[in-house]
Amino acid sequence: RYEFDADNQLILSASIPLLPQYKNYAASRKAYYNMRQQELETVSAKRGIRLGVESTVLGLISNVKQVNAAKLALSYAEESYRQLQERFRNNMLSAGDILDAELMVMSARISYTNSRYSLLKSKTALLQALGTDDPTILSNLINE
């Protein structure tokens, strides 16, 4: 009944987009969410940097107080050692006790040296957190 030869055939083809704006809408939403993600990552990075700087500043303050305490402890240990030396000269103290006093002074000196080293490390950490290696930045920040 129907004959389909190439001679008597005519084909009409049409394309109708069902959702023409869906692709544009999806791309727009994806770009919006990517932008939002980048904004949140930027805020997070800023907060992380600020937190790191605050942490190193607090560490620096702590180390300054530790140096002051170690210096005070060293001066007390040296004064105590002078008093014990005088007692030793007057034969009121044994040799073991004076050796213990010397160990106390040495320990206080080591503690003071360690606290100074920690202070230098925390200064370096703060300079690194600020992104510089110029130590005058710290004095400028303190003076402001």
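Student: Which residue has the backbone oxygen that the side chain of Ser115 reaches?
Tutor: Quick heads-up: this is a predicted model, where local features need pLDDT of at least 70, side-chain atom pairs count only at pLDDT 80 or more, and totals for chains, interfaces and linings use all residues. Residues are numbered from 1 along each chain as its sequence is written, and side-chain values use heavy atoms, with hydrogens and water left out. Now, a polar contact is a pair of N or O atoms within 3.5 Å; within protein, one must be able to donate a hydrogen and the other to accept it, and residues adjacent in sequence count only if both atoms are side-chain atoms. At 2.7 Å, the side chain of Ser115 reaches the backbone oxygen of Tyr112.

Student: Is Ser115 buried or exposed?
Tutor: Buried means under 20% relative accessible area, exposed over 50%, and partly exposed in between, using a 1.4 Å probe and protein chains only. Ser115 has 1% relative accessibility, so it counts as buried.

Student: What does Ser115 touch, beyond residues up to four places away in sequence?
Tutor: Contact here means heavy atoms within 4.5 Å. Ser115 itself lies in helix H2, residues 95-130. Its partners on that basis are Gln66, Val67 and Ala70.

Student: What pattern does the chain follow along the sequence?
Tutor: Helices (H or I, at least four residues) and strands (E, at least two) are DSSP runs, numbered from the N terminus. This chain has three helices and zero strands. Read in order, the pattern is α-α-α.

Student: Which residues does Leu74 contact, leaving aside neighbours within four places in sequence?
Tutor: Leu74 is one of the residues in that largest core. Its list includes Val105 and Ala108, which are core members too.

Student: Why does the pair Tyr32 and Tyr33 count as edge-to-face?
Tutor: Rings of Phe, Tyr and Trp (its six-membered ring) pair if their centres lie within 6.5 Å; planes under 30 degrees apart count as stacked, over 60 as edge-to-face and the rest as tilted. A search of the whole structure finds one aromatic pair. The ring centres of Tyr32 and Tyr33 are 5.3 Å apart, and the pair is edge-to-face because their planes sit at 65°.

Student: Which residue's backbone nitrogen does the side chain of Thr132 reach?
Tutor: Thr132 is in the loop between H2 and helix H3 (136-143). It counts as partly exposed, at 26% relative accessibility. At 3.2 Å, its side chain reaches the backbone nitrogen of Asp134.

Student: What is the phi of Asn91 near?
Tutor: Most residues other than glycine have a negative phi. Asn91, in the loop between H1 and H2, is exposed at 71% relative accessible area. Its phi is positive, near 60°.

Student: How many Å apart in space are Ser55 and Ala129?
Tutor: Ser55 is in helix H1, and it counts as partly exposed at 46% relative accessibility. In sequence, Ser55 and Ala129 are 74 residues apart. C-alpha to C-alpha, their separation in space is 9.6 Å.

Methods: A nonpolar core is a set of buried Ala, Val, Leu, Ile, Met, Phe, Trp, Tyr and Cys residues joined through side-chain atoms within 4.5 Å.
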